[in-house]
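Hello,

Here is the structure we talked about handing over. Please open it and keep it beside you while you read the notes below.

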Amino acid sequence: MPEPGLRSAPRFSIIVPVYNVQGYLRACLDSLLAQEFTDFEVIAVDDCSPDRSGEILAEFAARDPRVVPVRHEENGGIGAARNTGVAHARGDYLLFLDSDDTLTAGALQAMAGRLAASEDPDLLLFDHVRSYWWHEVKPSAVRELLAAAGKDVFKPTERTEFLHMFAVVWNRAFRRDFFVNNGFRYTDGLYEDALMVYTTMLTAERAVCLEHACVEYRQRRHGNSMKTPGRKHFTIFEQYQRLFDFLDGRPDLDRLRPLFFERMVSHFLFTGARESRVRVQDRPEFFRRAAAMYRRHKPAGFTPPVEADALQFQALERGSYRAFQTLNLVNRTRLRGQQRVRKARRAMSKRATAGFYRMQLKRPIDPNLAVFSAYWNRTPSCNPLAVYEKARELAPHLHGVWVVREDVVDTVPDGMDHVVVNSQRYWELMARAKYFVNNVNFADEVVKRKGQVHLQTHHGTPLKRMGIDQQKYPAAVKGMSMRKLLERADRWDLSVSANQHTSEQWERVYPCGFETIDAGYPRNDVFFRTGAREILDIRERLGIAPGSTAVLYAPTVRDYQVGYVPQLDLEKVTGALGPDFVLLVRTHYFYGRDPHLQQLQERGALIDVSRHPSVEELCLAADALITDYSSIMFDYAGLDRPIITYADDWETYVRSRGVTFDLLSGKPGDTPGIVATTEDELIEAFRSGRWQGAEAGELRAAFRARFCMWDDGHAAERVVNRAFLGRHDLLPAPPPLSQRTVAPSPREAARAGAVLAPGADGAPGRPDAGPTG
């Protein structure tokens with residue numbers, strides 16, 4: 001590799017078009033910046049992406065000058081983005097990498113070695129692997145072909161077997177002078193790769209192969225433009241017409257016309273037979289266009305190759321769409337739709353009274369009816385409850401009904417309409433409601449009708465691996481059907497996100513067709529709207545003595561354990577902290593009542609708040625939080641109060657469940673405060689005062705900046721405006737953290753409580769207090 005500073009231009013210019021890939025872009029860029037071979041630049045072209053991909057690019061560019069972001073003011077498509085990248089490139093070689101794919105370890109080093117040994121050929125062809133969303137990785141079909149080429153330098157038109165390679169531009173490197181001097185430019189629309197691949201292969205004088213698998217080609221379940229049906233797939237005819245126009249100008253290549261004709265027809269057949277590309281109603285026209293291209297460009301004496309289905313070619317040549325249909329090449333959509341309906345009917349439980357439900361499904365959708373649920377039909381709570389309450393204010397025309405289990409009916413607040421799950425009225429509502437709001441998922445038996453809108457609010461920020469990432473962790477997916485999980489997620493129309501980290505994770509691990517609402521979590525709005533008197537009232541109801549320091553201990557569930565197993569010796573900790581502290585203990589809602597906790601509460605050692613209906617009230621009442629890997633830390637951080645991480649089983653948790661970042665790294669943005677891995681360390685953190693010291697405050701400030709970026713008291717308003725009122729112009733961006741008014745701490749509330757004006761329901765909140773709070 002050249003010595004730094006000896007080259008005026010990098011060896012490689014890696015051009016990355018960027019559009020709606022915030023869930024994948026970090027992995028793409030990380031794979032580039034982690035390469036051992038460092039003599040490259042990354043030209044990342046933001047094609048006016050509507051998500052926050054541009055912010056990710058800016059973040060990477062700020063920490064590594066090799067990342068050069070370029071932004072289009074208008075969306076021009078992947079071809080235009082690649083052309084922009086070429087215009088900005090300075091490298092000896094051009095690499096085109098899609099922003100949802102990655103380079104494998106050692107890829108650039110392997111490329112550089114082969115190019116140097118071959119004296120800089122026009123083209124380098126290299127291998128790839130396919131990475132599927134269910135985490136299976138498969139080799140390509142050309143591995144042996146590339147290996148057989150060895151170190152040969154050849155002219156592609158003389159080695160036609162390489163013209164059968166997967167016709168994409170990301171499995172090859174182009175010498176920049178060769179590319180630019182021959183005037184190659186990407187065209188508009190899909191299938192531009194095939195045109196570029198064939199014309200460059202037909203022009204190149206020198207090419208070499210590399211059997212190293214350099215690219216991990218991600219097979220996305222959703223979001224791939226090639227798998228989205230529509231008229232845009234008709235551009236395939238324009239691209240192949242351009243290819244044959246090119247061949248018309250090169251009579252020396254006439255001997256290759258039959259090969260490219262066969263490639264064209266096979267591509268038409270492949271594309272036209274897939275419902276993920278050409279819609280049913282467009283099939284006849286697609287067939288007619290394909291037949292016209294067949295007749296226009298058929299070489300004299302052409303016969304279909306042995307490996308092709310001659311009947312397909314004959315049907316296309318005759319222009320017989322009926323023959324196409326009899327060959328079962330198209331229009332399987334109706335059959336598959338019928339299969340889905342039969343499957344849904346079979347899945348209906350007997351209690352649902354399938355006949356009644358089917359009848360209700362035929363009735364009109366009620367545009368003013370909304371169904372709400374939280375935590376598998378438990379008591380109304382969390383984000384759905386905050387959205388429900390804001391909708392009553394901003395969208396009073398909507399009638400909201402809560403779905404609850406029969407055993408929690410008594411906990412539903414007075415005046416709140418509710419229905420018991422699986423009752424007859426329940427199935428009527430599920431059939432006819434316009435809107436569905438949940439922080440988990442509705443039952444598998446629920447049929448998603450056209451015109452219904454499912455709003456997924458979620459209930460946490462993902463530190464642990466979720467969605468398709470869980471497939472790598474057996475303890476996390478025990479008893480779970482990933483297929484059914486994704487079918488439920490396919491019903492989501494809108495997905496609420498707490499922060500940018502969450503947006504990126506949800507879009508990647510739930511590869512479905514939802515729209516993300518970057519709003520913050522509605523349940524946290526209360527942290528910005530609660531006054532001193534209300535906080536004092538909450539503490540009084542919980543039994544917290546005036547002047548006490550209340551510490552909320554809220555551990556998460558362990559997938560590798562059965563039942564509730566305390567991670568802390570609660571008697572030891574409470575005894576060591578002394579009478580000025582009171583421990584509020586909240587076990588995960590998956591666990592039942594713990595007799596030992598009740599005994600400790602009866603002895604006055606702690607307060608068991610496991611069944612308290614509002615986690616938000618517990619956060620407001622607490623002076624500090626002790627947790628491990630629970631997502632409560634991300635919500636509590638918005639209050640700018642101390643967070644202590646007690647992680648005595650971090651390595652076991654990481655192995656059994658997986659994590660999205662290193663909580664214990666101590667890096668700003670990763671760690672929310674003081675970390676303890678033993679009970680003695682935890683006790684020392686409190687006795688020494690480190691739990692609320694300057695170091696803890698600085699870590700908390702960085703953590704808040706990363707994970708509380710949108711929390712400002714208006715999240716529910718944003719969600720209601722978008723989901724129920726159809727307003728895309730939600731609200732202005734949240735103000736800087738330092739300018740947001742959050743609820744006062746209990747200590748501040750106690751001071752303010754003595755001077756509240758008569759009749760006031762609470763003192764104003766405090767502006768952000770900065771790192772030390």
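Which residue in β22 is the bridge partner of T645? The partner is V675. Keep in mind that this is a predicted model.

As background, strands of a sheet pair through backbone hydrogen bonds, either parallel or antiparallel.

There is also an open sheet of seven strands, in the order β12-β11-β10-β13-β14-β15-β16, and its pairing is parallel. Its edge strands are β12 (418-420) and β16. On average, neighbouring strands here are turned by 25° against each other, direction ignored. Strand β11 (residues 399-404) is joined to β12 by three bridges, and V404 stands opposite V420. Helix α16 (residues 424-432) packs on this sheet, where it touches β10 (366-373), β11, β12 and β13. Helix α19 (residues 500-509) packs on the sheet as well, touching β15 and β16.

Next, helix α28 (residues 715-723). Nine of its nine residues are buried, so the helix is largely enclosed by the rest of the structure. The cover over these residues includes α15 (382-394) and strands β13, β14, β15 and β16.

Last, the largest nonpolar core has 64 residues; F96, F162, F179, Y240 and F260 touch the most other members. Among the residues that F179 touches are V86, L94 and F96.

Regards

How values were computed: Residues are numbered from 1 along each chain as its sequence is written. This is a predicted model: local features need pLDDT of at least 70, side-chain atom pairs count only at pLDDT 80 or more; totals for chains, interfaces and linings use all residues. Side-chain values use heavy atoms; hydrogens and water are left out. Buried means under 20% relative accessible area, exposed over 50%, partly exposed in between (1.4 Å probe, protein chains only). Helices (H or I, at least four residues) and strands (E, at least two) are DSSP runs, numbered from the N terminus. Contact means heavy atoms within 4.5 Å. A nonpolar core is a set of buried Ala, Val, Leu, Ile, Met, Phe, Trp, Tyr and Cys residues joined through side-chain atoms within 4.5 Å. Two strands pair if DSSP finds at least two bridges between them. Axes are lines fitted to C-alpha atoms, for helices over the stretch in contact, and angles run from 0 to 180 degrees between N-to-C directions. Lists of a residue's contacts leave out its neighbours within four places in sequence.
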